[in-house]
Amino acid sequence: MNELDALGVSGGLDVLHVFCDGNGRHGNALGVVRDPRRHPDRGSRQALAAELGFSETVFVDDPERGVVDIYTPTVRLPFAGHPLVGTAWLLDLEAVNPPAGEVWARHDGEFTWITARAEWAPPRRLEQYASPAEVDALPAPPPGEGWLYAWAWEDEAAGRVRARAFPRRGDGVVEDEATGAAALLLTDRLGRALNITQGRGSQILTAPGPDGIVEIGGRVRLATPASAPAATLAPAPVRMTLARGGRARLPHAVTMPGRTS
């Protein structure tokens, strides 16, 4: 029995990268469990998400209506950006339904977009820095507690932003490579469309709408399909480390590092 068989997801786990750059690189890794019947309750889902070690894992409860359940390695989320963009792309959905509410989706060929309310996003501290160099120089994670989204203008007139995200919640995810919820909050605060480069080079596009609505878009690629044998679960093209003092994770589970050149 391989590791995925033991976890009850062999043949049922898709691994995506969401918010890739124009060459298909980077993006935040996402696990999508299409058949969650072996994980019917919150406890078993939380345990699986912790074992997989992705920043988020999605359980698809109804693929026709897009009903999903989202978990970090330690908490259940009512809303998260990159899991919803990724699931909408994977299942070719026009709407995704997380606990927060119905999220409309559209696909334009290169990008998949979701439309959500800023109030659905979990709280984050949005801290502006004077330059992209200051953001790049931050240690991973910076000192302090609580979710930090560090950002600076690369080109304010053009709406180009440099950002990095640090969950600082002690679950092994040191740096989040691409964070749709934080991008949503920043767009809502600034009231303008943004082109965000986050992490090592992931790209997130946003546009504000009326009454707290924000559209978030990005590229998605499939790293490992559910139909692939477990032996093909090669590491995603990101540098990987294990959480200090933590348990070993599956080969494709990631702890996000700081940006590298």
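Okay, quick one: when I say contact, I mean heavy atoms within 4.5 Å. On that basis, among contacts in the protein chain between residues at least 6 apart in sequence, 59% join residues at least 24 apart.

Before I go on, the ground rules. This is a predicted model, where local features need pLDDT of at least 70 and side-chain atom pairs count only at pLDDT 80 or more, while totals for chains, interfaces and linings use all residues. Numbering runs from 1 along each chain as its sequence is written, and side-chain values use heavy atoms, with hydrogens and water left out.

So, the overview. We've got five helices and 14 strands in the protein chain; those are DSSP runs numbered from the N terminus, H or I with at least four residues for helices, E with at least two for strands. Of the 261 residues, 56% count as buried, meaning under 20% relative accessible area with a 1.4 Å probe, protein chains only.

Let's start with helix α3, residues 81-91. Here 10 of the 11 residues are buried, so the helix is largely enclosed by the rest of the structure. Among those buried are G81, H82 and P83. Just after α3 comes D92, with a positive phi of about 55°.

Next, D69, which sits in strand β4, residues 67-71. D69 is buried, at 5% relative accessibility. Its side chain makes a polar contact of 3.0 Å with that of R45; by polar contact I mean a pair of N or O atoms within 3.5 Å, where, within protein, one must be able to donate a hydrogen and the other to accept it, and residues adjacent in sequence count only if both atoms are side-chain atoms. Leaving aside neighbours within four places in sequence, D69 also touches others, including T57, F59 and P99.

Now P142, in the loop between α4 (132-136) and β10 (148-155). P142 is buried too, with a relative accessible area of 7%. Not counting residues up to four places away in sequence, P142 touches L148, F166 and R168. R168 is 26 residues away from P142 in sequence, yet their C-alphas are 8.5 Å apart.

Last stop, strand β13, residues 202-208, with five of its seven residues buried. β13 pairs antiparallel with β12 (residues 194-198) over five bridges; pairing takes at least two DSSP bridges between the strands. That hairpin has three residues between the strands, and G199 in the turn has a positive phi of about 65°. On to β14, residues 213-224: β13 pairs with β14 in the antiparallel sense over four bridges, and A207 stands opposite E215.

Methods: Buried < 20%, exposed > 50% of the residue type's maximum accessible area, 1.4 Å probe, protein only.
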